Amino acid sequence: MDAVVPQGHLTRRSFLVGAAALGTIGLAGCATGGMSLADAERIYGPLPNERFPVPAVNIGKIDPKYRRRTVRYDSAEAVGTIIIDPRHFYVYRIEGGGNATRYGANVGRAGFLWSGDAYIGRKAEWPVWTPPREMILRQPEAAPYANGMPPGLGNPLGARTLYLYQNGSYTLYTIYSTIMPETIGKGVSSGCVGLLTQDMVDLYSKTPVVTKVVVLPA
């Protein structure tokens with residue numbers, strides 16, 4: 001996974017990463033139930049029992065339309081399939097019965113968007129992050145992490161990561177978790193897709209290895 005280091009400074013924002021793959025699914029996206037402020041504060045509250053305790057989301061920094069919700073979504077894909085819609089900054093999990101769980105996301109910035117079919121080849125909790133060689137060449141500030149950045153809140157992959165594969169090979173793209181609500185609804189990464197940690201924990205728990213992932217054209 002790849003990212004950008006602004007103004008020569010190495011920060012967590014510098015290593016925002018992103019994700020993946022396409023398909024031919026029609027969207028509906030009509031919301032069937034919103035989330036109240038009280039529910040948002042509960043669902044996006046702290047996760048104190050994690051290996052590295054995760055703080056509550058500052059929900060004032062995220063547009064309410066990007067809060068997790070159930071929506072109508074017409075699709076022929078199997079239950080559990082993940083659909084990424086980079087144009088609208090959403091990730092869907094197909095639930096069946098014409099419904100999907102919808103999560104707000106950040107996606108690849110201009111020049112780093114792509115589409116195609118993929119699948120979850122592996123998954124990890126609190127993973128090590130290793131910048132690709134191409135990123136280190138573009139951004140020498142990443143060089144200290146050439147052998148990997150240890151897990152933690154400062155690691156750009158965060159608490160959970162789903163790794164995208166095609167034809168048995170890792171694509172270098174991921175769906176990852178972020179504690180930065182201000183990135184949701186924006187193009188910030190080098191192709192990967194980020195969800196708020198609380199949303200990613202939810203999606204991760206429901207997503208086995210080999211789950212199909214479809215990324216729609218931006």
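# Reading burial, ring pairs and cores in a predicted model

Q: With a relative accessibility of 2%, does Tyr92 count as buried or exposed?

A: Tyr92 counts as buried, because its relative accessibility is 2% and the cut-off for burial is under 20%. The model is a predicted one. Across the protein chain, 52% of the 218 residues count as buried.

Q: Which helices and strands make up the chain, in number, and how far apart in sequence are the residues that its contacts join?

A: The secondary structure consists of three helices and twelve strands.

Q: How should confidence be read before local detail is discussed?

A: Where pLDDT is low, the predicted coordinates should not be read in detail. Here the chain has a mean pLDDT of 85, with 83% of its residues at 70 or more. Residues 2-32 have a pLDDT below 50, although this stretch makes 145 contacts in the model beyond near neighbours in sequence.

Q: How is an aromatic pair read, and how many does the structure hold?

A: A pair of aromatic rings is described by the distance of the centres and the angle of the planes. The structure contains seven such pairs. In one of them, the ring centres of Tyr66 and Tyr90 are 5.5 Å apart and the planes stand at 55°, so this pair is tilted. Tyr66 belongs to the loop between helix H1 (37-43) and strand S2 (69-72), while Tyr90 belongs to strand S4 (residues 90-96); the pair therefore ties together parts that are 24 residues apart in sequence. Tyr66 and Tyr90 are both buried. Tyr90 also pairs with Tyr92, in an edge-to-face arrangement with 6.1 Å between centres and 65° between planes.

Q: Which residues do ring pairs link into a cluster?

A: The cluster linked by ring pairs comprises Tyr66, Tyr73, Tyr90 and Tyr92.

Q: What surrounds Tyr90 apart from its ring partners?

A: Tyr90 has a relative accessible area of 10% and is therefore buried. Beyond four places in sequence, its contacts include Lys65, Ile84, Arg102 and Gly104. The side chain of Tyr90 also reaches the backbone oxygen of Lys65 at 3.4 Å. In space, the C-alpha atoms of Tyr90 and Ile184 are 9.2 Å apart, whereas the two residues are 94 apart in sequence.

Q: Over the faces of which rings does Arg122 lie?

A: Arg122 lies over the face of Tyr163, at 3.7 Å from the ring centre. It also lies over the face of Tyr170, at 5.9 Å from that ring centre.

Q: How is a nonpolar core read, and which members touch the most others in the largest one?

A: In soluble globular proteins, nonpolar side chains tend to be buried together. The largest nonpolar core in this model has 37 residues, and those touching the most other members are Ile82, Ile84, Val91, Leu162, Ile175, Leu195 and Leu203. Elements that each supply at least two residues of this core include strand S3 (82-85), strand S7 (116-125) and helix H3 (197-205). S4 gives the largest share, four residues. A second, separate core holds ten residues, among them Met135, Leu157, Tyr163 and Tyr165.

Q: Is helix H3 mostly covered or mostly uncovered?

A: H3 is mostly covered, with seven of its nine residues buried. Among the buried residues of H3 are Met200, Leu203 and Tyr204. Leu162 touches these three residues, and its contacts also include Ile82, Ile120 and Arg122.

Q: Where does a positive phi occur in a residue other than glycine?

A: Phe89 has a phi near 65°, and Val210 has one of about 85°. Phe89 is found in the loop between S3 and S4, and Val210 in the loop between H3 and S12. Phe89 is buried, at a relative accessible area of 19%, whereas Val210 is exposed, at 61%.

Terms used
Residues numbered from 1 in each chain as written. Predicted model: local features only at pLDDT ≥ 70, side-chain atom pairs only at ≥ 80, totals over all residues. Heavy atoms only, no water. Phe/Tyr/Trp six-rings, centres within 6.5 Å; stacked < 30°, edge-to-face > 60°. Buried < 20%, exposed > 50% of the residue type's maximum accessible area, 1.4 Å probe, protein only. Lys NZ or Arg CZ within 6 Å of the ring centre and 35° of its normal. Core = buried A, V, L, I, M, F, W, Y, C linked by side-chain atoms within 4.5 Å. Contact = heavy atoms within 4.5 Å. pLDDT = per-residue confidence, 0-100. Polar contact = N/O pair within 3.5 Å; in protein donor to acceptor, adjacent residues only side chain to side chain.
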